[in-house]
Amino acid sequence: MSANPQWDISRALGVARLFHLVCGVRDACVTPFLTLYLRQLGLAAPWVGVLMGAKHLVAAFWAPFWAFLAKSYRKRRALLTGSLLGSAGASLLMALVPPLDEAPADPSCNASRGARPSALPPAAASIPRAVGAPGLRRAPAGGVHAPAGLPAGYAVGSVEGAGTAARVLPPVASGLRDTARAGAFKVGRTAPPLLAGGTAPGSPANLSAAKGDAGALGLSLEGLRWTFLLSLGSVVFWELLTAPLEQVADDSLYEYLDFVDATDRYGSLWIWRLLGLSAGVCGIAAAVGQLECFVATSGPRGVLHFYGYSVVSTVALLVSIAFPVPICRRQEPSYKTIKALSLVGGDPRLILLTFTVFLVGATTSAVQNFLFWHMKDHGSSELVMGFSVALGLLGEILLHPFKTTLLRKLSRMGTVGLGLGCLAAQLLYYSFLWSWWAALPAQILSAVSNGALWWAVKASVEDLATPRTERPLGAMFRGHIFGGGSSLGSFVGGFVVMYFSLAVLYRACCVLLLLWLALLLSIQSRLPQEQKINYSKLLVMEASDTSDSEQGTERDWLVKAMREEYSE
């Protein structure tokens, strides 16, 4: 078989592993740090939530559509090349989006260049430079001058009516809040926000809440309007080009292996993607930390992530030239997705699984969108953030050898319940985060809340699906349902952070998960148990018209083989 290069399985799997590894590094360059970059542009939590919600929505529904077209017109190779080339260029558009306010140079960079850094008072230095124009902006000529303690050239809005906020926020943060109140959008709420880490003045939670209010409702400002619209257009256009890549590559490789009955070797490729993500997220964070002082500092430091993304996309483009794509294809029914959708509506177990995956997507987006904000407010570096992501991914890889044992001991629904419980525990823990390093221990639970949960979901889908609908049904759960939940969670989560706080968002998600877990277990116990068909027994009954006894079943070689495989 290896004499024919079209069916060289070893070579195809080697290229596929390398492609998954490089694509993992590529995604890790930007995806975990995207919300942090949007914050550096000056966008507040609601608008970041809108941008991320639009991104998830495009990925959920655009990728299957393009995958269907590429398969129908046999243009998968062209789509792979176009997606990699187009996304490399589209990602650079994000680097061209102007920030709301030109960030001052980093004092550490000035020190490394021999310049003497200018000292800032504690009140001003504690506010990250990501704060945008609505809350802290240059004072116009003849305008209100900066109060004592702020750098020259900056002004804070009127402190009129700040009696309530002054009891909770420090003077600078109170001024920021009042500036937002005096903007084009008026808000009647005067109560201070719920705090994420205590009520001490000047705490990171207070400053984060003040920054969120200060820039949240200033879309009437020309600069903020253009920054938001340009960011929205760039993110959507970039996602339109990036989204189809993973599904088209997976479908191509699976069909390639299916032609020679080698699909059993397809299941281990996801490990290479996680390895790429782990290496990429730490590598790009370390590179940004080393190179930020040697690149033009007129814009946010996050632009280096997009440069790295473009470079790795070029490498992935070269690897994709040898990626296995089947030339001919088997004739398969085109209505498998519709059939999979009808299965979901007709099976109560799949309906419960649908609501579970949708809720997991909504709550997971809360962690992915704003956890790095929380860590940044507590003084974390991007390298620590990247290491926290890698910690969860490596934990998932190390847990994989125990997958079969876990699913057998706890059952599929028990593993889903364990995953929901671990995710709720993570969210509750994050709401009480007190230091930048405190997020690292909770990331270990991601091996269960993400890895084990999706193993159980996949096993349940394969068990409940009809023949030839396993992959369409699994793609629907991971794409449409999970992506739709992530989109809704992003839209809602940003406004919850603005009106309340990040801690309230995490605790609300935790309560919601626990309530659904209790409801899920109570409903699952009342559903009728399905009787599995013993195909070997049916074969014996067909061969001999006598009924099987327990002794006859023990002599059946197929039953013995199945039991031995199950016990391993």
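A salt bridge here is a side-chain nitrogen of Lys or Arg within 4 Å of a carboxyl oxygen of Asp or Glu. Asp-251 and Arg-471 form one, with their closest N and O atoms 2.7 Å apart. Asp-251 lies in helix 10 and Arg-471 in helix 19 (residues 470-499), so this pair ties together parts 220 residues apart in sequence. Helices are DSSP runs of H or I, at least four residues, numbered from the N terminus.

A word on the model. It is predicted: local features need pLDDT of at least 70, side-chain atom pairs count only at pLDDT 80 or more, and totals for chains, interfaces and linings use all residues. Residues are numbered from 1 along each chain as its sequence is written, and side-chain values use heavy atoms, with hydrogens and water left out.

Back to the charges. By the salt-bridge rule, the count comes to nine. Which residues are linked in a network? Arg-26, Asp-27, Glu-246 and Arg-273 are. Take Arg-273 and Asp-27: their side chains meet at 2.4 Å, N to O. Arg-273 sits in helix 11 (residues 270-291) and Asp-27 in helix 1 (residues 9-30), 246 residues apart. Arg-273 also forms a salt bridge with Glu-246, at 3.7 Å between the closest N and O atoms. Glu-246 belongs to helix 10 (residues 244-258), 27 residues from Arg-273.

Now, burial. Buried means under 20% relative accessible area, exposed over 50%, partly exposed in between (1.4 Å probe, protein chains only). Arg-273 has 17% relative accessibility, so Arg-273 counts as buried. Asp-27, at 15%, is buried too. Glu-246 has 43%, so Glu-246 counts as partly exposed. Arg-471, at 31%, is partly exposed.

Next, helix 4. Is Ser-83 buried or exposed? Ser-83 is buried, because its relative accessible area is 2%. This serine is found in helix 4. A polar atom of its side chain lies 2.5 Å from the backbone oxygen of Leu-241. Setting aside neighbours within four places in sequence, Ser-83 contacts Arg-26, Leu-241, Thr-242 and Leu-245. Contact means heavy atoms within 4.5 Å.

Leu-93 is also found in helix 4 (residues 76-95). At 35% relative accessibility, Leu-93 counts as partly exposed.

Last, helix 15 (residues 382-399). How far apart are its end C-alpha atoms? They are 26 Å apart, which agrees with the 26 Å that 18 residues should span at 1.5 Å a residue. That expected span is 1.5 Å times one less than the number of residues. Buried residues in helix 15 include Val-384, Met-385 and Leu-393.

How values were computed:
Helix = DSSP H or I, 4+ residues; strand = E, 2+ residues; numbered from the N terminus. Polar contact = N/O pair within 3.5 Å; in protein donor to acceptor, adjacent residues only side chain to side chain.
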